[in-house]
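I opened this notebook to record what I looked up in one structure.

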Amino acid sequence: MAQKLFLLPGDGIGTEIMAEVAKIIAYLNSQGETDFELDSGLAGGAAYDKYGVAISDEDMGKALAADAVIFGAVGGPKWDNVPYEHRPEAALLRLRKELAVFANLRPAICYPALADASALKRELIEGLDILIVRELTGGVYFGEPKTITDLGNGQKRAIDTQVYETYEIDRIARVAFDLARTRGHKVHSADKKNVMKSGVLWDEVVKTVAKDYSDVTMHHILADNCAMQLVRNPRQFDVIVTDNLFGDILSDTAAMLTGSLGMLPSASLGAPDATTGKRKAFYEPVHGSAPDIAGQGIANPIAMIASFAMALRYSFGMIELANRVEAAIAGVLGDGLRTGDIAQDNRRTIGTEAMGAAILAKLK
Ligand code: NAD
């Protein structure tokens with residue numbers, strides 16, 4: 001049976017890089033390697049211009065019905081002054097909320113050809129392959145109360161609330177341990193149990209979950225030490241599971257070990273459906289719509305194509321094909337091909353289409 005992919009290219013470079021993914025999908029379908037049924041919609045400023053909202057109910061319905069949503073990027077100066085509830089980013093928030101994607105997966109992989117582009121020494125990051133699993137729908141970004149109160153004496157008091165319940169920690173921990181089983185069989189759980197009650201519960205629940213995974217080694221690590229270890233000796237990590245706030249920071253740190261924003265994919269997964277076992281899933285590059293280079297045909301499509309590879313791996317179980325797409329990316333980098341954002345001194349650079357075509361040619 002055909003599997004439904006819903007493409008939301010968005011704004012700016014989103015449309016340019018999504019076009020390269022669409023070519024790869026068309027090729028795979030034509031070869032009978034995949035049987036994807038494609039549909040696409042509008043998100044962000046593009047949707048606002050047509051419908052007056054950041055994502056229409058019809059497109060939201062298609063996203064909910066799809067086996068996976070592939071998202072480009074939204075935003076741009078054109079929409080800086082639209083009403084707050086219709087700003088381009090509102091599309092992302094609505095999608096994340098209604099798809100209930102609580103597990104954010106951010107890989108940090110060092111492509112051998114780009115090892116010298118890292119701020120760290122080659123010997124520290126060569127072969128790096130970390131997966132950060134960040135809790136995305138709970139914690140201090142959402143906890144109530146969340147207020148600023150005027151104390152009337154010239155002072156104000158701001159409150160954010162870090163709150164986690166057992167089920168939220170249990171389900172994100174299970175995602176991390178399941179993924180570790182497909183990789184290096186090691187999970188580091190990062191929290192601040194030394195100073196936070198939510199950290200005490202986090203550790204208690206993760207340790208309970210770990211008992212169901214005797215083939216995976218679990219290590220506890222304090223989040224501040226984890227940040228330090230990521231830049232000191234990053235290859236000690238396989239999977240890191242952590243809460244929303246620490247995950248926000250640690251995933252950016254880990255990602256930048258490996259170079260440019262244009263290289264970084266992500267996946268966000270929901271809970272498995274009780275009958276089909278399928279998870280709602282949303283795949284997007286980490287970067288934004290890059291208005292400064294939009295329309296010039298020079299954006300790096302690798303983060304977008306690598307996000308599609310994550311969809312092959314995590315939504316469709318097409319591990320071998322995902323490996324081949326990732327190997328094609330590594331291959332073109334190995335051949336010395338670079339878009340402007342990852343070029344080192346004096347290298348000839350190529351544009352979005354040429355990079356997409358080179359990756360497709362390698363895949364063939
Ligand atoms: P950005 O990620 O769009 O760009 C930051 C810098 O990185 C820019 O110089 C850009 O040219 C470069 N860059 C990013 N992706 C690139 C790629 N694939 N190839 C080459 N260069 C690339 O972040 P920003 O400039 O802070 O934000 C621009 C717009 O994107 C804003 O409207 C912001 O709100 C939005 N945004 C959207 C998302 C999203 O859709 N998930 C994420 C971040 C920012």
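**Entry 1. The model.** I note at the outset that this is a predicted model.

**Entry 2. H1 and H12.** I began with helix H1, residues 13-30, and helix H12, residues 352-363. Their axes come within 9 Å and cross at roughly 20 degrees. Angles under 35 degrees count as roughly parallel, and H1 and H12 are therefore roughly parallel to each other. I recorded the crossing of H1 and H12 as right-handed. I then looked up which residues meet. On the H1 side they are Glu 16, Ile 17, Glu 20, Lys 23, Ile 24, Tyr 27 and Leu 28. On the H12 side they are Thr 352, Glu 353, Gly 356, Ala 357, Ile 359, Leu 360 and Leu 363. By class, I found eight nonpolar, two polar and four charged residues in the contact of H1 with H12.

**Entry 3. H3 and H4.** Next I examined helix H3 (residues 57-65) against helix H4 (residues 89-99). The axes of H3 and H4 lie 10 Å apart, and the packing angle is about 45 degrees. That angle makes H3 oblique to H4. The crossing of H3 and H4 is right-handed. H3 contributes Asp 57, Met 60, Ala 63 and Leu 64 to the contact, while H4 contributes Arg 94, Leu 95, Glu 98 and Leu 99. I listed five nonpolar and three charged residues in the contact of H3 with H4, and no polar ones.

**Entry 4. H6 and H7.** For H6 and H7 I read an angle of about 50 degrees, with the axes 9 Å apart. That makes H6 oblique to H7. H6 passes H7 in a right-handed crossing. From H6, the residues in contact are Thr 166, Ile 169, Asp 170, Ile 172, Ala 173, Arg 174 and Phe 177. From H7, they are Leu 201, Trp 202, Val 205, Val 206, Val 209 and Ala 210. I classed the residues of the contact of H6 with H7 as ten nonpolar, one polar and two charged.

**Entry 5. The cavity.** I then asked how many cavities of 30 Å³ or more the count gives. The count comes to one. About 60 Å³ of space lies in the largest cavity. Its lining includes Gln 162, Tyr 164, Lys 192, Met 196, Thr 242, Asp 243 and Phe 246. Strand S8 (186-191) and helix H7 (197-210) are the elements that give two or more residues to this lining. H7 gives the largest share, three residues. By class I noted five nonpolar, four polar and three charged residues in the lining of the largest cavity.

Entry 6. Last, I turned to the largest pocket, which holds about 750 Å³ of space. It is lined by 37 residues, and the closest to its centre are Leu 179, Met 310, Arg 313, Tyr 314 and Ile 319. Which elements each supply at least two residues of the lining of the largest pocket? I found strands S4 (103-109), S5 (129-135), S11 (265-272) and S12 (279-285), together with helices H6 (166-181), H10 (302-314) and H11 (319-334). The largest share, four residues, comes from H10. I recorded the lining of the largest pocket as 21 nonpolar, seven polar and nine charged residues.

Terms used: Residues numbered from 1 in each chain as written. Predicted model: local features only at pLDDT ≥ 70, side-chain atom pairs only at ≥ 80, totals over all residues. Heavy atoms only, no water. Axes fitted to C-alpha atoms, helices over the stretch in contact; angles between N-to-C directions. Parallel < 35°, antiparallel > 145°, perpendicular 65-115°, else oblique. Left-handed = near helix turned anticlockwise from the far one by under 90°. Contact = heavy atoms within 4.5 Å. Nonpolar A, V, L, I, M, F, W, Y, C, P; charged D, E, K, R; others polar. 1 Å grid on protein atoms, 1.4 Å probe; cavity = no way out; pocket = protein on both sides within 12 Å on 5 of 7 lines; lining within 4 Å. Points joined across faces, edges and corners; volume = space filled by probe spheres on them.
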